[in-house]
Amino acid sequence: MYNTITTELRDGILEITINRPDKMNALNQEVMKELALAIDEVYKNKEVKSALITGAGPKAFVAGADISEFLTLSPDQGGELAKRGHVIFKRIEDSHKPIAAAVNGFALGGGCELAMACHIRVASDNAKFGQPEVNLGLIPGYGGTQRLVQLAGKGKALELMLTGDMIGAEDAHRIGLVNHVTSQEELLEKTRGILRKTHDKAPIALAKVIRCVNNFFVYDVDGFEAEVSEFAGCFATKDLAEGAAAFLEKRKANFKGE
Ligand code: COA
């Protein structure tokens, strides 16, 4: 069905693998289109409870946008490319179902930006992160100038983007860019384990947590007010009635997402 990615539904997790290992899984326009379709499936398929994004092969998660597509672009076309990327990555960030990146190697440029758009990042110990666009006369264009500041803070973000330096998984962990570091062998199972923990939680509550946390970074939304309103909305759900009753009856809750 896809040419440049693969998808597999395992235990409620849609595993999306960027599959251009001979090109370090670089994001060309075909990958971006197919990734958008896979994210649509995360939104729409009721059997999908969460998603995992990784890269094919042992070397790269994603080594950036495909540089070979940059050679002939006009400023307008460059702007259109960035806008399309922003829409797709924002859809990942705004997904009401958790999405985790299992970073299995180079996560550079658009690859680092893809990982940062996910809700959770787990890296294998061989992973390398960076925003090397200045080496090409470019800047990050898929949200990196914003999301790297959000995750690592202004000082580290500026240093990485101004020097183009790559950092290893442990350093990425230290600066808050990744949540966990594992061996290469354990990477997928560790990431799946985190996602599986969300599967028996109330789906509407998960969506509300994601929305509230994302609101922190929207300058014209008062995140505290938004939280009050999302909290209030929980009281309109059957899930809250079920969750509270299950706690009091000392049994496991069976959430329906209603
Ligand atoms: N876009 C297009 N092609 C890419 C690519 C990218 N972002 N990253 C790697 N490739 C291609 C290489 O051109 C090469 O293709 P070829 O075999 O047809 O020559 C292939 O992937 C393997 O990459 P190579 O550079 O030979 O591997 P390496 O192990 O020596 O180095 C990297 C790996 C990731 C350090 C290096 O490929 C790199 O620096 N990539 C670009 C990173 C970047 O600047 N990203 C930001 C883009 S905006």
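Visitor: How far is an oxygen atom of the ligand from an N or O atom in the side chain of Lys 23?

Guide: That distance is 2.4 Å, from an oxygen atom of the ligand to an N or O atom in the side chain of Lys 23. The model is predicted, so local features need pLDDT of at least 70 and side-chain atom pairs count only at pLDDT 80 or more, while totals for chains, interfaces and linings use all residues. Residues are numbered from 1 along each chain as its sequence is written, and side-chain values use heavy atoms, with hydrogens and water left out.

On the backbone side, an N or O atom of Ala 65 is 2.9 Å from a nitrogen atom of the ligand. For Asp 22, a backbone N or O atom lies 3.5 Å from an oxygen atom of the ligand. The ligand on its own has 860 Å² of accessible area, and the protein covers 60% of this (Shrake-Rupley method, 1.4 Å probe).

Around the ligand there are 17 residues, each with a heavy atom within 4 Å of it. Those that come nearest are Lys 23, Lys 59, Ala 63, Ala 65 and Ile 67. Sorted by class, this shell holds 11 nonpolar, 5 charged and 1 polar residues. In that scheme Ala, Val, Leu, Ile, Met, Phe, Trp, Tyr, Cys and Pro are nonpolar, Asp, Glu, Lys and Arg are charged, and the others, Gly among them, are polar.

Technical notes: A polar contact is a pair of N or O atoms within 3.5 Å; within protein, one must be able to donate a hydrogen and the other to accept it, and residues adjacent in sequence count only if both atoms are side-chain atoms.
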